[in-house]
Amino acid sequence: MRRVVFNQKGGVGKSTITVNLAAAAAAAGRRVLVVDLDPQGNSSHYLSGSTTPPPVSVAGLFHQMLNISMFEKPVTDFVTATAHPNLSLLASHPELAELMVKLEARYKMFKLRDALEQLDDHFDEIWIDTPPALNFYTRSALIAANRCLIPFDCDSFSRHALLGLIDSVGEIRADHNSGLSVEGIVVNQFQPRASLPQRLVQELRDAGLPVLDPPLSASVKIRESHERSLPMVYLDARHKLSQEFAALYQTLRQS
């Protein structure tokens, strides 16, 4: 199973959702890989605790795609273990930003799918974090994935953009990846006592959109999780938000 977390809007929690659902899967005994395609590298920092560009990264894999050789490294050579059992990382690198022009010019959009298919025997689940844009890396991820999760941060601007996002996924499905589906909308930073988030989420449900349960609560604990580079399940497994991530992962696994 390969999932991509996608939203063109920044600040909606893509990296937080990707890493914490991947960590929930790993804690449940699944062999999990996180692929970080965002040059900002938030997921990579979250899992490694380092802001230094890693010596082994997805940028090296893309370099290899641009320079065909008889002596190509296996894709596993670009994967690194994390400090957490069952959880591995294909890390981001700042060089991704300048590599994108070359990759687009050489039409390498299907190469990520080919690479991740080589990892299917090594991992039960692959989670892909994407940049806040519909660019080469995001399209590559949508082509490589089976399912797409769309974060929603209970904001009226996000609501208006949702149908456009779903249309973008549908276009990729029609043109390049017939096996891709929108698995659901992940409600993030939810405040159950505030009227606006409740109304916005209900409007999504009334429109027939696939809103997933449970919503993820707003919590200052997630800031500590980021600062300490510890996904919630490892920081405090009993915390309400940790339990919500675990419950959401079980919802996805049963779908």
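These are my notebook entries on a predicted model, written for someone meeting the structure for the first time.

**Entry 1: aromatic rings**

I began with the rings. How many aromatic pairs does the structure hold? I found four aromatic pairs.

I looked up Phe62 with Phe136, which make an edge-to-face pair. Their ring centres are 6.4 Å apart, and the angle between the planes is 65°. I noted that this angle counts as edge-to-face because it is over 60 degrees.

Where do Phe62 and Phe136 lie? Phe62 is in helix α3, residues 58-66, and Phe136 is in helix α6, residues 136-144. The pair therefore ties together parts that are 74 residues apart in sequence.

Phe62 has 0% relative accessibility and counts as buried. Phe136, at 3%, counts as buried too.

I then turned to Tyr107 and Phe110. Their ring centres are 6.1 Å apart and their planes meet at 55°, so I wrote this pair down as tilted. Tyr107 counts as exposed, with 51% relative accessibility. Phe110 is partly exposed, with a relative accessible area of 24%.

I also noted a cluster: ring pairs link Phe62, Phe136 and Tyr137.

**Entry 2: helix α3 against helix α4**

Which residues make the contact? From α3 I listed Val58, Ala59, Phe62, His63 and Leu66. From α4 I listed Leu96, Leu99, Lys102 and Leu103. By class, this contact of α3 with α4 has seven nonpolar residues, one polar and one charged. I was pleased to meet Phe62 again here: this residue belongs to the α3 side of the contact and also pairs with Phe136.

**Entry 3: helix α1 against helix α11**

For another helix packing I picked helix α1, residues 14-27, and helix α11, residues 240-254. Their angle is about 75°, and their axes are 9 Å apart. That makes α1 roughly perpendicular to α11.

On the α1 side the contact is made by Thr16, Ile17, Asn20, Leu21, Ala24 and Ala25. On the α11 side I found Phe245, Ala246, Leu248, Tyr249 and Leu252. I sorted the contact of α1 with α11 into nine nonpolar residues, two polar and no charged ones.

**Entry 4: backbone details in the loops**

Now I looked at the backbone. Is the peptide bond from Asp213 to Pro214 cis or trans? This bond is cis, with omega near -5°. Pro214 is in the loop between α8 (195-206) and α9 (221-227).

Tyr107 came up again. Its phi is near 50°, which is a positive value in a residue other than glycine. I located Tyr107 in the loop between α4 and α5 (111-117).

Gln189 also has a positive phi, near 55°, and is a residue other than glycine. Gln189 sits in the loop between β7 (181-187) and α8. With a relative accessible area of 38%, Gln189 is partly exposed.

**Entry 5: Ser229 and His84**

Ser229 is in the loop between α9 and α10 (232-235), and His84 is in the loop between β3 (80-81) and β4 (87-90).

Are they buried or exposed? At 10% relative accessibility, Ser229 counts as buried. His84 is likewise buried, at 10%.

What does Ser229 touch, leaving aside its neighbours within four places in sequence? I found His45, Tyr46, Gly49 and His84. For His84, not counting residues up to four places away in sequence, I listed Leu47, Ser229, Leu230, Pro231 and Tyr234.

Key: Residues are numbered from 1 along each chain as its sequence is written. This is a predicted model: local features need pLDDT of at least 70, side-chain atom pairs count only at pLDDT 80 or more; totals for chains, interfaces and linings use all residues. Side-chain values use heavy atoms; hydrogens and water are left out. Rings of Phe, Tyr and Trp (its six-membered ring) pair if their centres lie within 6.5 Å; planes under 30 degrees apart count as stacked, over 60 as edge-to-face and the rest as tilted. Helices (H or I, at least four residues) and strands (E, at least two) are DSSP runs, numbered from the N terminus. Buried means under 20% relative accessible area, exposed over 50%, partly exposed in between (1.4 Å probe, protein chains only). Contact means heavy atoms within 4.5 Å. Ala, Val, Leu, Ile, Met, Phe, Trp, Tyr, Cys and Pro count as nonpolar, Asp, Glu, Lys and Arg as charged, and the others, Gly among them, as polar. Axes are lines fitted to C-alpha atoms, for helices over the stretch in contact, and angles run from 0 to 180 degrees between N-to-C directions. Angles under 35 degrees count as roughly parallel, over 145 as roughly antiparallel, 65 to 115 as roughly perpendicular and the rest as oblique.
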